[in-house]
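Here's a quick briefing to read with the model open beside you. Take a look at the structure first, then work through the notes below.

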Amino acid sequence: MKNIIFIAPPAAGKGTQSQLLKKHYNLPHISTGDLLREEAMQATDLGHRISRLMNEGKLVSDEIVLELFEKRLSNSDTEVGFILDGFPRSLKQATNLDNLLESLNRKIDYVIVLDLDKEIAKKRIVGRQTCLKCGHVYNHLFDDTKPINEGICDFDGDNLVQRDDDNEDTFEKRYETYIKETKPLIEYYQAKDLVHHIDSTQPKMTIFKQITDIVEGK
Ligand code: AMP
């Protein structure tokens, strides 16, 4: 079983690497950002609340995120393992996750930290586009991640969209939230000897190879 967590600032490539790992190991990719975006599209009070928090670059409440995550984890496809992208994002979420996994006789195996400088992260955010259908992430400002045809997904021909929270203003807040709430998790998992640092300015396939080497103990 392979249970993998990503810890990374916005636009460090956790979504991209999660997609690659998902295909390579046939593991489910659980992105709390995607689960929340789905919920935010509903015309409900909860949907509006989530949407507002996301657009402000703030964290959605632990209760809401945990509920969505637990529901997703209960799906039988996670029995072979999972890739967690965007969860946990705070110490409270990490301890909640540990308790939940312990009760299911499961544990985290690898914590991959994608290191990225703030200025590069900001540049990546401005050019990021996602396929809503398959979740593949592109960046039209970088040669190795731009789609073959501008604005169109290489895999399913669907239109690419820019996320509402992928703008400079929200980026500043999201980055600040990362430093304050999420970065302390590195120390938390370091104490459990699970952390592997990767320089995320490298080409995406180089990063992918480094991650698979870690997972395969090479
Ligand atoms: P992401 O797609 O991972 O960049 O997440 C986008 C936004 O969703 C974040 O800026 C938060 O507002 C929200 N979000 C995603 N995951 C979590 C989480 N684990 N806890 C709280 N909020 C989250």
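Let's start with N26, which counts as exposed because its relative accessibility is 66% (exposed means over 50%, buried under 20% and partly exposed in between, with a 1.4 Å probe and protein chains only). Keep in mind that this is a predicted model, where local features need pLDDT of at least 70, side-chain atom pairs count only at pLDDT 80 or more, and totals for chains, interfaces and linings use all residues. Residues are numbered from 1 along each chain as its sequence is written, and side-chain values use heavy atoms, with hydrogens and water left out.

- N26 isn't a glycine, yet it has a positive phi of about 55°.
- You'll find N26 in the loop between α1 (14-25) and β2 (29-31); helices (H or I, at least four residues) and strands (E, at least two) are DSSP runs, numbered from the N terminus.
- D193 is another non-glycine residue with a positive phi, near 60°, and it sits in the loop between α8 (184-190) and β8 (195-199).
- D193 has 71% relative accessibility, so it counts as exposed.
- F87 and P88 are joined by a cis peptide bond, with omega about 0°.
- P88 belongs to the loop between β3 (81-85) and α5 (91-103).

**Where α6 meets α7**

- The axes of α6 (residues 118-127) and α7 (residues 168-182) come within 10 Å and cross at roughly 140°; axes are lines fitted to C-alpha atoms, for helices over the stretch in contact, and angles run from 0 to 180 degrees between N-to-C directions.
- That makes α6 oblique to α7 (under 35 degrees is roughly parallel, over 145 roughly antiparallel, 65 to 115 roughly perpendicular, and the rest oblique).
- On the α6 side, the contact (heavy atoms within 4.5 Å) uses K118, A121, K122 and I125, while α7 brings E168, F171, E172, R174 and Y175.

- F171, Y175 and Y178 form one aromatic cluster; rings of Phe, Tyr and Trp (its six-membered ring) pair if their centres lie within 6.5 Å, with planes under 30 degrees apart stacked, over 60 edge-to-face and the rest tilted.
- The count comes to four aromatic pairs by this rule.
- F171 and Y175 make a tilted pair, because their ring centres are 5.7 Å apart and their planes are at 35°.
- Both F171 and Y175 are buried.
- Y175 also pairs with Y178: the centres are 6.3 Å apart and the planes at 50°, so this pair is tilted.
- Y178 is buried, as is Y175.
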